Amino acid sequence: MNQSKQRQQALATLLKRSSHTAPWDMLIIGGGITGAGIAREAARRGLSVLLIEQKDFAWGTSSRSSKMVHGGLRYIASGDYKTTLLSVRERERMLTEASGLVNEMHYVMPHYKGKFPPPWIFNTLLRVYDRIAGKRYFKYFKKDAFLRLNPNIKQDKFLGASQFSDAVTDDSRLVMRVLDEAIHDGAQAINYLKAESLIINEQGLVVGANLKDTASKESDKTFEVHAKVVVSATGAWADTLRMQASNETEQSFNKQIRPSRGSHLVVSQERLPTSQAYTFLHPTDKRAVFVFPWENRTVLGTTDLDHPPLNDEEVGITSAEVDYLLAATNSLFDDTDLNREDVISSWAGVRPLISDSGDGKRVSPSKEKRDHSVWLDNNLVTVSGGKLTTFRLIALDVLKKCQQVLQLDDATIEQNASHNDQVFSNPTPTHPKFTTLPSDLQQRLQGFYGLQLDKLLELAHEDDLAYVTDSNTIWAEIRFAARFEQVIHLDDLLLRRTRLGLILPHGAMTPLISARLKQICQQELGWDEQKWQQEVARYTELWQRYYHLPAA
């Protein structure tokens, strides 16, 4: 089986440790942003931490979000000042600590006569938003001034536009960056390792999990891992392990998670040029939708629909959602007339909403709160809900709950870490190749790779510092991911470690690009011709089914 040496070493360490009786301090199940954040905060406090993910890191919601790091403007409107306050503070923290990975993005809300919200209401909210941030982002454009800058916007009954700022990121790279910080502090993280069942002792307490290596159909490695506390950070799948820990039947268990699907479309900048995000209300149901620039493309999103009970399969956009997003965009821009042929790719993710009611039917998904919840069931700590922006605060809440299980005092939990410690290390790159790069690429690579940037540059071949066609990604990133970031499948490389599968035509499987990808995978992963062809077939089927368009 061909896989990265990093993963092989991690599995060898796990196998060796499993043969001993000493348990890990913490086993984290779930390799999205929540699990990564918990690993980061636990490892920096000196705890022995193992994080596992049954698919790939960030495979679930954390690679399929709207890519926004935001304070939650709508929470002010609903009276939830505290959530906005905490979110804005975390947004500002990430803008400072992770520049290049988390970047400021301007948003504009166009106003039309007789349409909600009127400028005076929205602008009042924006002034409060800025006061929370301690910065002035708000700006109001009168009609003529805005139309000079945005001539394609619909002009009938147009009054003007309000501008504010939030931030944008590459969500799966954010997960990898936080995980890398955790690993640097001693954590172990392994993908394609599934928790098949919890280990429950005679007292009915969760003391570990039985794990299975799922990296290939041929793999049959299993591991019995013991831990002082098991943390389930499985997002929309959280009820499954909670039910095991509570020893209740599916009929008697009170499910808390309400899966909600959010879908997006990607089109070219040539087809719909944007230099800022537009936020506006859909003409049909008055939900807020966005059109925004990301990775040299334009993204349309998002939907917010109840999703059927989850299994381990991929999630894709529906035909109705495609029509919904195209209709929204075409309602804002004159003469754009986007259609299905303009769509480069799509993605859909499932948010884990914490339902206000047991049956999950009290309010629409858009009106459910985005708060997180933490539960303790017989030594299993479960966390779900919340926002990408507040992953650090969620992690701190989980650690507080873990104190009820771990035999550690407050001083140990708080050692070497306060609520003000930086999440991201920012060393100055020393490799001479760094100074030869354009300044915007320097900033991007520092944000994306942090502690690993010198290693990436050392590994890069001479022609690896070139961009992959018109993307922001350079070939060195692909080589580095293949060598060091536990890539098992081609979709790991093209949909999560890089986003080439989302921004390039045909999922990046054009002849010139695929030839170079093949060469790198052969060199770094040892894939032979048969393995390459298997991965291409697997990826092409997956991309067509879940990341392009469904039948009309």
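Biologist: What should I know about the model before we start?
Modeller: It is predicted, so local features need pLDDT of at least 70 and side-chain atom pairs count only at pLDDT 80 or more, while totals for chains, interfaces and linings use all residues. Residues are numbered from 1 along each chain as its sequence is written, and side-chain values use heavy atoms, with hydrogens and water left out.

Biologist: How many residues of strand E13 are buried?
Modeller: In E13 (residues 288-294), 5 of the 7 residues are buried, where buried means under 20% relative accessible area, exposed over 50% and partly exposed in between (1.4 Å probe, protein chains only). Strands here are DSSP runs of E with at least two residues, and helices are runs of H or I with at least four, numbered from the N terminus.

Biologist: And E12 with E13, parallel or antiparallel?
Modeller: Strand E12 (residues 277-281) pairs with E13 in the antiparallel sense over 4 bridges; two strands pair if DSSP finds at least two bridges between them. Thr-279 stands opposite Phe-290 in E13.

Biologist: Which residue in the turn of that hairpin has a positive phi?
Modeller: Lys-286, at about 65 degrees; the hairpin has 6 residues between E12 and E13.

Biologist: What about E13 and E14?
Modeller: E13 and strand E14 (residues 297-301) run antiparallel, joined by 5 bridges. The bridge partner of Trp-294 is Arg-297 in E14. This hairpin has 2 residues between the strands, and Glu-295 takes a positive phi near 55 degrees.

Biologist: Moving to loops, where is Asn-379, and is it buried or exposed?
Modeller: Asn-379 is in the loop between strand E17 (372-377) and strand E18 (380-385). It counts as buried because its relative accessible area is 17%. Its phi is positive, near 80 degrees.

Biologist: Which peptide bond is cis at Pro-117?
Modeller: The bond from Phe-116 to Pro-117, with omega near 0 degrees. Pro-117 is in the loop between E4 and H5. The bond from Gly-301 to Thr-302 is also cis, with omega near 0 degrees. Most peptide bonds are trans.

Biologist: Where is Lys-113, and is it buried or exposed?
Modeller: Lys-113 is in the loop between strand E4 (102-112) and helix H5 (119-133). It counts as exposed because its relative accessibility is 60%.
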